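Open your viewer and keep the selection panel at hand.

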Amino acid sequence: ACAKGNDLGRAEDWRKRMMDEGILPNLKGEGKMIHAAAQSGDIDSAELYFDKMEQDVVGYSSVIDACAKAGDADRAEQWLLKAEEAGGALNVV
């Protein structure tokens with residue numbers, strides 16, 4: 001809900017609360033954090049959460065989406081090259 005609502009801060013608060021209760025984030029949860037960062041155009045946060053999860057095509061696509069929303073084509077291209085080097089065929093986000 002926080003990702004769809006473009007509210008990265010709230011998503012981070014909920015993630016922290018869960019971790020404080022001993023609930024560890026899973027792949028889907030970290031993916032949602034990348035998506036929330038992407039919706040906010042926050043590339044640094046998207047990269048941070050990407051680094052915490054098992055990298056997959058959805059993660060790469062979401063970080064590239066964050067770069068696009070932030071208007072940073074050069075950084076998007078760097079992530080595209082990283083995805084290609086990792087053998088990922090990207091989806092349209």
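Which residues in helix 1 meet which residues in helix 2? Select Leu-8, Ala-11, Glu-12 and Arg-15 in helix 1, then Glu-30, Met-33, Ala-36, Ala-37 and Ser-40 in helix 2: these are the residues that meet, where contact means heavy atoms within 4.5 Å.

Before going further, a word on what is on screen. This is a predicted model, in which local features need pLDDT of at least 70 and side-chain atom pairs count only at pLDDT 80 or more, while totals for chains, interfaces and linings use all residues. Residues are numbered from 1 along each chain as its sequence is written, and side-chain values use heavy atoms, with hydrogens and water left out.

**Stop 1: the whole chain**

Switch to a cartoon view. The protein chain has 5 helices and 0 strands, and from the N terminus on its elements run α-α-α-α-α. Helices (H or I, at least four residues) and strands (E, at least two) are DSSP runs, numbered from the N terminus. Colour by accessibility next: buried residues make up 33% of the 93 residues in the protein chain. Buried means under 20% relative accessible area, exposed over 50%, and partly exposed in between, with a 1.4 Å probe and protein chains only. Of the contacts with a separation of 6 or more, 57% are between residues 24 or more positions apart.

**Stop 2: helix 1 against helix 2**

Two packed helices are described by the angle between their axes and the distance between the axes. Show helix 1 (residues 8–20) with helix 2 (residues 27–40). Their axes come within 9 Å and cross at roughly 160°; axes are lines fitted to C-alpha atoms, for helices over the stretch in contact, and angles run from 0 to 180 degrees between N-to-C directions. Helix 1 and helix 2 are therefore roughly antiparallel to each other. For that label, angles under 35 degrees count as roughly parallel, over 145 as roughly antiparallel, 65 to 115 as roughly perpendicular and the rest as oblique.

The crossing of helix 1 and helix 2 is left-handed, a term used if the near helix is turned anticlockwise from the far one by less than a right angle (right-handed if clockwise). By class, the contact of helix 1 with helix 2 has 5 nonpolar, 1 polar and 3 charged residues. Here Ala, Val, Leu, Ile, Met, Phe, Trp, Tyr, Cys and Pro count as nonpolar, Asp, Glu, Lys and Arg as charged, and the others, Gly among them, as polar.

Now pick Ala-36 in helix 2. Ala-36 counts as buried, at 0% relative accessibility.

**Stop 3: elsewhere on helix 2**

Is Lys-28 buried or exposed? Lys-28 is exposed, with a relative accessible area of 64%. Its C-alpha atom is separated by 9.2 Å from that of Met-53. Move along to Gly-31, also placed in helix 2: Gly-31 is partly exposed at 22%, and its C-alpha atom is 9.6 Å from that of Gln-55.

**Stop 4: helix 1 against helix 3**

Bring in helix 3 (residues 43–52). The axes of helix 1 and helix 3 come within 13 Å and cross at roughly 30°. That makes helix 1 roughly parallel to helix 3. To see the contact, select Leu-8, Glu-12 and Arg-15 of helix 1 with Ser-45, Tyr-49 and Lys-52 of helix 3. By class, this contact has 2 nonpolar, 1 polar and 3 charged residues.

Leaving aside neighbours within four places in sequence, Glu-47 is in contact with Val-63, Arg-75 and Trp-79.

**Stop 5: the aromatic cluster**

Finish with the rings of Phe-50, Tyr-60 and Trp-79, which form one aromatic cluster. Rings of Phe, Tyr and Trp (its six-membered ring) pair if their centres lie within 6.5 Å; planes under 30 degrees apart count as stacked, over 60 as edge-to-face and the rest as tilted. By this rule the count comes to 3 aromatic pairs. Phe-50 and Trp-79 form an edge-to-face pair, 5.0 Å centre to centre with 85° between the planes. Phe-50 lies in helix 3 and Trp-79 in helix 5 (residues 73–85), so the pair ties together parts that are 29 residues apart in sequence. Both Phe-50 and Trp-79 are buried.
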